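Let's take a walk through this protein together. Have a look at the chain first, and then we'll go through it piece by piece.

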Amino acid sequence: MKFAKTIPYKIKRILPMLGIAGASLFMGGCEKDEPITPTRDVELMFVKEDFNIFESGVIRDLAEQPDIRTVYLVPDGSWVAYGHLNIYDLVNDYLRPAINISPKVRGKGDFNFWPGAASLVPQDSLWITQQGWTINSHLQNQR
């Protein structure tokens with residue numbers, strides 16, 4: 001058995017179809033001439049006894065580098081000795097000015113303040129958590 005079916009095409013329809021098919025082979029999409037620069041994140045650790053990273057300008061220098069995506073400020077060590085007045089000073093003298101340097105600067109990590117001390121300065125503790133830090137997260141898992 002032999003099946004032979006001819007499909008009639010009109011020449012005036014075939015030529016535009018071939019033109020579109022041929023043109024689509026040459027359109028490769030958008031190509032950028034600029035190479036993609038790899039980005040990285042930087043973590044700057046600080047302790048309650050030493051705030052040199054806030055005063056030395058290292059945060060500003062890192063935030064201005066194009067290959068750095070995010071500069072994280074990470075608290076280290078124990079912050080239990082910090083009362084509500086210390087928390088207020090920490091936020092207004094160091095953390096808030098550092099975060100305002102660039103949108104690349106964010107918080108990361110946990111402040112382990114004396115339980116209840118952060119609740120005495122609710123506007124500052126709320127600001128701390130909005131910037132990416134946590135407060136006493138180690139106590140939240142206890143029952």
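What follows starts with the overall layout and then turns to the aromatic rings.

This is a predicted model, so local features need pLDDT of at least 70 and side-chain atom pairs count only at pLDDT 80 or more, while totals for chains, interfaces and linings use all residues. Residues are numbered from 1 along each chain as its sequence is written, and side-chain values use heavy atoms, with hydrogens and water left out.

The protein chain has five helices and five strands; these are DSSP runs, with helices being H or I of at least four residues and strands E of at least two, numbered from the N terminus. Of the 143 residues, 28% are buried, where buried means under 20% relative accessible area with a 1.4 Å probe, protein chains only.

Now for the rings. There are 14 aromatic pairs here; rings of Phe, Tyr and Trp (its six-membered ring) pair if their centres lie within 6.5 Å, and planes under 30 degrees apart count as stacked, over 60 as edge-to-face and the rest as tilted. Take Trp79 and Tyr82: their centres are 5.1 Å apart and their planes sit at 75°, so this pair is edge-to-face. Both Trp79 and Tyr82 are buried. Trp127 and Trp133 have ring centres 6.3 Å apart and planes at 40°, so they make a tilted pair. Trp127 is buried at 10% relative accessible area, and Trp133 is buried too, at 2%.

Ring pairs join up into a cluster whose members include Phe46, Tyr94, Phe111 and Trp127.

Terms used:
Buried means under 20% relative accessible area, exposed over 50%, partly exposed in between (1.4 Å probe, protein chains only).
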